[in-house]
Amino acid sequence: MLKILDIIDTINEWVGKVFRWAIVLLALTMCYEVVLRYVFNNPTIWSFEISTALYATTFMMGAAYALLYKAHVSIDLFYEMLGVRGRAILDIISSVIFFFPFLIEAVEKPRFSIFIYFSHSTRS
């Protein structure tokens with residue numbers, strides 16, 4: 001079991017190191033869009049799309065990296081009052097409460113979008 005956890009931690013570490021460069025790419029894309037929009041009065045659609053995708057990707061990939069280093073926001077006032085076992089139970093409960101709704105959202109939204117796309121595109 002510890003071997004599997006070590007493999008998962010190694011993957012999370014690698015993913016965090018790779019996707020931190022997406023933040024740099026996101027910042028460059030946003031700067032490019034701002035210059036085109038406000039200096040040249042020529043905004044682009046693709047830079048908005050790319051920045052949205054990069055932000056979503058960075059958020060999702062960064063979540064595992066932050067979880068690895070316990071860098072998520074927590075209410076330390078209550079968390080510090082608990083013992084090791086209480087912290088572990090609270091970590092499990094909060095992970096389940098926040099993970100599964102996001103997982104359902106990530107699975108259902110694309111399905112719904114595809115359904116809407118095909119239902120609108122087949123009308124005469």
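Is Arg-37 buried, partly exposed or exposed, and what is its relative accessible area?

**Figure 1. Salt bridge between Glu-33 and Arg-37 in the predicted model.** The side chains of Glu-33 and Arg-37 are joined with an N to O distance of 2.9 Å. Arg-37 has a relative accessible area of 36% and is therefore partly exposed. Glu-33, in contrast, is buried, because its relative accessible area is 7%, and the limit for a buried residue is under 20%. Both residues belong to helix α1, and since they are four residues apart, about one helical turn separates them.

**Figure 2. Salt bridge between Lys-17 and Glu-13.** This view shows another pair within helix α1, again four residues apart, or about one turn of the helix. Glu-13 has a relative accessible area of 18% and so counts as buried. For Lys-17 the relative accessibility is 41%, which means that Lys-17 is partly exposed.

**Figure 3. Salt bridge between Arg-87 and Glu-80.** Here the closest N and O atoms lie 3.1 Å apart. Arg-87 is partly exposed, because its relative accessibility is 26%. Glu-80 is likewise partly exposed, with a relative accessible area of 49%; this value does not pass the threshold for an exposed residue, which is over 50%. With this pair, the model's count of salt bridges is three.

**Figure 4. The largest pocket and the residues nearest its centre.** The volume of the largest pocket is about 1400 Å³. Its lining is made up of 30 residues. Those nearest the centre are Ala-63, Leu-67, His-72, Ser-94 and Ser-95. By class, the lining comprises 19 nonpolar residues, together with six charged and five polar ones.

**Figure 5. Helices that contribute to the lining of the largest pocket.** Four helices each provide at least two lining residues: α1 (2–39), α2 (45–68), α3 (76–79) and α4 (84–121). Helix α4 accounts for the largest share of this lining, with ten residues. Helix α1, which contributes to the lining, is also the helix that holds Lys-17 and Glu-13.

Terms used: Residues are numbered from 1 along each chain as its sequence is written. This is a predicted model: local features need pLDDT of at least 70, side-chain atom pairs count only at pLDDT 80 or more; totals for chains, interfaces and linings use all residues. Side-chain values use heavy atoms; hydrogens and water are left out. On a 1 Å grid over the protein atoms alone, a cavity is a set of points where a 1.4 Å probe fits but cannot get out, and a pocket is an open set with protein on both sides within 12 Å along at least five of seven lines; lining residues have an atom within 4 Å of a point. Grid points are joined across faces, edges and corners, and a volume is the space filled by probe spheres set on the points. Ala, Val, Leu, Ile, Met, Phe, Trp, Tyr, Cys and Pro count as nonpolar, Asp, Glu, Lys and Arg as charged, and the others, Gly among them, as polar. A salt bridge is a side-chain nitrogen of Lys or Arg within 4 Å of a carboxyl oxygen of Asp or Glu. Buried means under 20% relative accessible area, exposed over 50%, partly exposed in between (1.4 Å probe, protein chains only).
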